[in-house]
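Colleague: I would like to learn how to read a model of this kind. Please take me through it feature by feature.

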Amino acid sequence: MSLTLKRAVMAVLGILGALMLWPILLMVQRAQAAFPSYLVFTLSQGVCLGLVFGALFGSFEGIVVSSRSKAFRGLGFGALFGAAAGAAGVLAGQLFLFLAGGALFRSNSSRLGPGLAAANGMAWAIAGTFLAMTEGLRARSGRKLLVGLLGGLAGGLIGGAILSALQVLAPGGKWSLLAGLAAFGFLLTLFYSLFENRFQAGTLKLLNGPLKGKEYPVVSRKLTVGTDASCDIVLAGYPGVRPLHATVHLEKGRVYIRPAGPDAGVLVNDGPAGDAALRPEDVLAAGKAKFLYGYFA
Amino acid sequence: MRAFRYGFLILIAALAAVPGAGQGLAITQIDTERLLFGQSVRLYLSAPGAAGTESPDVEVWESGEGGEWAPRPVTAVSRGINDAEGIAFCFLLDNSGSMWTGLDGREGAPTEDQRMTHAKAAARAFLAEASRQGRGKDRIGLGVFNTRYWKAADPVGDFERISRGLDEIRKPATEDAYTELYLSLDRALADFAGVPGRRALVVLSDGENFPYYIRTGKPNPETGTRTTGPEDVVERAAREGITVYVVRFGNEKDPSLGDAAVRTGGKVFDASNRDELAAVYSTIRADVLAEIAVDYRAGMAPGSRRNVRAVLRDREGREFSSERYYYAGTVLGWSRDLPGWYYLAFLLVPALLWLALLVFKLERETTEAGLRLLYGPSGGGTRVFTLNSPQTVIGSSDAADFTIGGNPSLKERHATILFDERQNAYTVVGDGNLTVNNREVERKRLEPGDVINMAGTVVVFDDALVKKTPKGRLPQPSRRKSQ
């Protein structure tokens, strides 16, 4: 999948998440007065938010590489991780909002609207950061953590500010939440993919076979390549590829490919994969699958 | 004569230090620190009405935005809580022309008789008491006003700085000598509002509002044509939870100022005797320490602004009440609308779309051999050329089978792809400036995914990986060939 299509799918997932969350959260909010405490109320909303976005983002990788089993596994994992991250993130955001809101209400009330919008933006950014960083935790990748941090921050800031600004204009209106969530979902994914591109150490682009055209950015320290669904790059339908065929390593900004076994055929420019780091325009072969390494706009 | 005058003023000061009429209860501060984790809110009440009561009878009511008032359970009522935090004071010192006259209003009075001299002495006595009793926890700031208002210092623990600030105050020029009392008070409250903790504003003034714009008809150099009065000041002070105390100098009494101070929960002092002035700090401090802290269990009414009302009954059964609000907004907002049936569509349609994304693959497998332009000097492109003849010529010439323009280094007939029907195999042939997978070649049997570079124009050869011909070959991943 080309980068543009990938971004589009990711943004679509972000917006789908917003659309699905909107009625769920409205239902919870409708029952606010029936909740025993802000703690339970905040955690409930955080779990809903994290569950939906976590499941969607978790399934993203599987959708992109067209691996159904990967998508459903990612979905389950994302929902679980996301629920925890959402609860923690929204709780942290709420804590911040109470402090900031308390200070704003105590001070000059003429700047209350923009102040609250900024505070709410920050609160959402905290929640978004928690959510977007789960992928980095799962992949145990510092770069992905950073990508998640920046994506969550940017998407959260704007989404939260939009919600808050609309709530100031129309207190208690239901559309402000939808607008805020849509902006949050769209921007979080957009910024995530932009930052992922920014922090990648090159991309492997599949040149042939059923997954032709797919791009795999090298962002984490280790990528596994093989036919097994647990691999990062799943080469289902490619002859000559083993369940675990090769690993791609990112070491100090340089990328290396190594065969996973002595007789796993891995070629770089039609020669055996040596110890040298990959250079842009290198052609890699793993079994019958062929990749082009480089930076693609 | 002078002794008599002082005696008279002392009498007035003693009378005025008694709490004013109508003053009963004020919520001076709302603490929501334990709202999220304990569902508990603390109110600080300034309640002279219940001064002698050990455990006052307090009720707390709450309402959300536009909602009904509902009683909330009070969990604890305690006294003396604020002692640990210290108090933030702000002096607002009048530096108008009349402050440089005698206490009786006469021009040309000797320096030691001038109101300003008394005001400075009062402020210094206050500073001395604050350093003696405040245990280093109090902070004091300074604002000065006449026609103009300026903040000389934010509240600081270094009282020497405030003392130096007092030294620097000079008699103003005539144009600046007006008493912009309420506007300056309003601006000082706004400045002071951002300071955390328990706050008291102490106005040192002769209490005659003499606004520049109203008196001269010309706009004030700082505030233009804006005007304000005691009502607005009381409203702002109540909103910010700042108590206003007034120390008055001179014989002309501005009744509104004293009344305004009392309505914020503060007191009025008429001061000209230094011994009496020393008691101002002790009185304010005692007021703050006498505040009642009320902990109660907060409700869950939606909305970002939560109104709270405290009701206090004294021993005689008199009721006092005070209202304020605190921030109770939630991260994901709130909604007053009932969910409608169409909400279900918002849930189902995206879920189905998502399922579709999960189930349907977005790509098609290659079924026929072809060339795809990857990139070249003319920029990228997604040109695809299907190989369907035994011989395909690639080059810049229009006569070539696959014509690629925009690259001057590309020869008219740069490379040829031959198809061997018997072996069902493709071979690329060229004479220089041709690489396959970054290796110089003149002739090479092509594998799906091979990258052919012709003088910078790069195409990918593609074919079905598993051929459906009887002669379908088994994969040979380690095969290397560059003839």
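Colleague: Where is confidence lowest and where is it highest in chain B?

Modeller: The score to read is pLDDT, the predictor's confidence in each residue, from 0 to 100. Chain B averages 82, and 84% of its residues score at least 70. The lowest mean, 41, belongs to helix 1 (residues 2-16) of chain B, and the highest, 95, to strand 4 (residues 70-72) of chain B. Over residues 1-22 of chain B the pLDDT is below 50, and this stretch has 24 contacts in the model beyond near neighbours in sequence. A contact here is two residues whose C-beta atoms, placed from the backbone, lie within 7 Å. Residues 469-483 of chain B also stay under 50. Where pLDDT is low, the predicted coordinates should not be read in detail.

Colleague: What scores does the predictor give the complex?

Modeller: An ipTM of 0.83 and a pTM of 0.74.

Colleague: How many helices and strands are there in chain A?

Modeller: Helices (H or I, at least four residues) and strands (E, at least two) are DSSP runs, numbered from the N terminus. Chain A has 7 helices and 10 strands. Its C-alpha atoms fill a box of roughly 70 × 30 × 25 Å along the principal axes.

Colleague: What span should helix 6 of chain A have?

Modeller: The expected span is 1.5 Å times one less than the number of residues. For the 28 residues of helix 6 (residues 142-169) of chain A that gives 40 Å, and the end C-alpha atoms are 40 Å apart, which agrees.

Colleague: Is that helix largely enclosed or left open?

Modeller: A residue is buried if 20 or more other C-beta atoms lie within 10 Å of its own, exposed if 12 or fewer, and partly exposed in between; C-beta atoms are placed from the backbone. In helix 6 of chain A, 20 of the 28 residues are buried, so the helix is largely enclosed by the rest of the structure.

Colleague: What is phi of Gln39(B) and of Asn424(B)?

Modeller: Most residues other than glycine have a negative phi. Gln39(B) has a positive value, near 60 degrees, and Asn424(B) has one near 55 degrees. Gln39(B) sits in the loop between helix 2 (35-38) and strand 2 (40-46) of chain B. Asn424(B) is in the loop between strand 19 (415-420) and strand 20 (425-430) of chain B.

How values were computed
Residues are numbered from 1 along each chain as its sequence is written. Chains are lettered from A and ligands numbered from 1 in the order in which they are written. This is a predicted model: local features need pLDDT of at least 70, side-chain atom pairs count only at pLDDT 80 or more; totals for chains, interfaces and linings use all residues.
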